[in-house]
Amino acid sequence: MVRRKKRAGRFLLGIFVLLLVIIGALVWFVYPTQSLDMRYRSVDFKDKLMTMVSNRDTRMLLSTEEVGELSKKNMVKYMSTHDLGVDITGADFIMNGTTMTAHMNGQWGILPFGAVLRFQMSAEGSYLHLTHESTKIRGAQIPLNMFQLEPIQITLKDYLPDLVTVKNVKFLSDGLELNFTMDWMSIPSLFK
């Protein structure tokens, strides 16, 4: 009888230790691998517009870093209006052509995690759309039915004066090229 109790106690202790090891491995697996935050730099459109006007050009180039900062700013805005089911604590957006990759840190309850989200970018007038295509944690694919964001919209018009209208957007390997129609008669109002 005493021997059975000892065996049962050892068996339960073994199961408990095994569960602790599995939980520890899962926490290690999802734990963020880099330190990220949600701070972003503002993109200075005014200087770019002044250069455009002085060169009498209707094109503006945005670098991949600037598009990444706009994406991060709009992710912060998106999080304030959508319930993601997790808290995003940091992000870094990297653009490559029409693909935007976001390295993100967050918390699910008390469990911190790091993930890589891939978005497909498209443009429609003065709007950029980031459509969520996949999520990976350390290379392991998370099914979209478990976690998927609605499309994120970046409104370029929010950063531009009324005298310019985005005619089209061209995706480049090193950023975006914005082509505008301009009300040239209203240009003097830019210099006030």
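Arg138 is partly exposed, since its relative accessible area of 36% falls between the limits of 20% and 50%. The model is a predicted one. Arg138 sits in the loop that runs between strand 5 and strand 6 (140–142). Its phi is positive, near 50°, in a residue other than glycine.

Arg56 also has a positive phi, about 50°, and is not a glycine. Most residues other than glycine have a negative phi. The loop that holds Arg56 lies between helix 2 and strand 1 (59–63). Arg56 is exposed because its relative accessible area is 70%, and exposed means over 50%.

## Ser42

Ser42 belongs to the loop between helix 1 and helix 2 (45–54). With a relative accessible area of 60%, Ser42 is exposed. Along the chain, Ser42 and Pro143 are 101 residues apart, and their C-alpha atoms are separated by 33 Å.

## Asn105

Asn105 is part of strand 3 (residues 99–108). Asn105 counts as buried because its relative accessible area is 7%, and buried means under 20%. A polar atom of the Asn105 side chain lies 2.6 Å from the backbone oxygen of Gln34.

Leaving out residues up to four places away in sequence, Asn105 touches Pro32, Gln34, Ser35, Leu36, Asp87, Ile88, Thr89, Gly90, Phe113 and Gly114.

## Nonpolar core

The largest nonpolar core has 45 residues, of which Met60, Leu62, Met75, Phe93 and Phe119 touch the most other members. Strand 4 (residues 111–124) contributes the largest share of this core, five residues.

What does Phe119 touch, not counting residues up to four places away in sequence? The contacts of Phe119 include Phe93, Met100, Ala102, Leu130, Leu149 and Ile152. Also among them are Thr98, Thr99, Thr131, His132 and Glu133.

## Largest pocket

The volume of the largest pocket is about 450 Å³. Its lining consists of 16 residues, and those closest to the pocket centre are Val86, Trp108, Phe113, Ile137 and Ile142. By class, 14 lining residues are nonpolar and two are polar, while no charged residues are present.

Which elements each supply at least two residues of this lining? They are helix 1 (2–30), strand 4 and strand 5 (127–137). The largest share, four residues, comes from strand 4.

Methods. Residues are numbered from 1 along each chain as its sequence is written. This is a predicted model: local features need pLDDT of at least 70, side-chain atom pairs count only at pLDDT 80 or more; totals for chains, interfaces and linings use all residues. Side-chain values use heavy atoms; hydrogens and water are left out. A nonpolar core is a set of buried Ala, Val, Leu, Ile, Met, Phe, Trp, Tyr and Cys residues joined through side-chain atoms within 4.5 Å. Buried means under 20% relative accessible area, exposed over 50%, partly exposed in between (1.4 Å probe, protein chains only). Contact means heavy atoms within 4.5 Å. On a 1 Å grid over the protein atoms alone, a cavity is a set of points where a 1.4 Å probe fits but cannot get out, and a pocket is an open set with protein on both sides within 12 Å along at least five of seven lines; lining residues have an atom within 4 Å of a point. Grid points are joined across faces, edges and corners, and a volume is the space filled by probe spheres set on the points. Ala, Val, Leu, Ile, Met, Phe, Trp, Tyr, Cys and Pro count as nonpolar, Asp, Glu, Lys and Arg as charged, and the others, Gly among them, as polar. A polar contact is a pair of N or O atoms within 3.5 Å; within protein, one must be able to donate a hydrogen and the other to accept it, and residues adjacent in sequence count only if both atoms are side-chain atoms.
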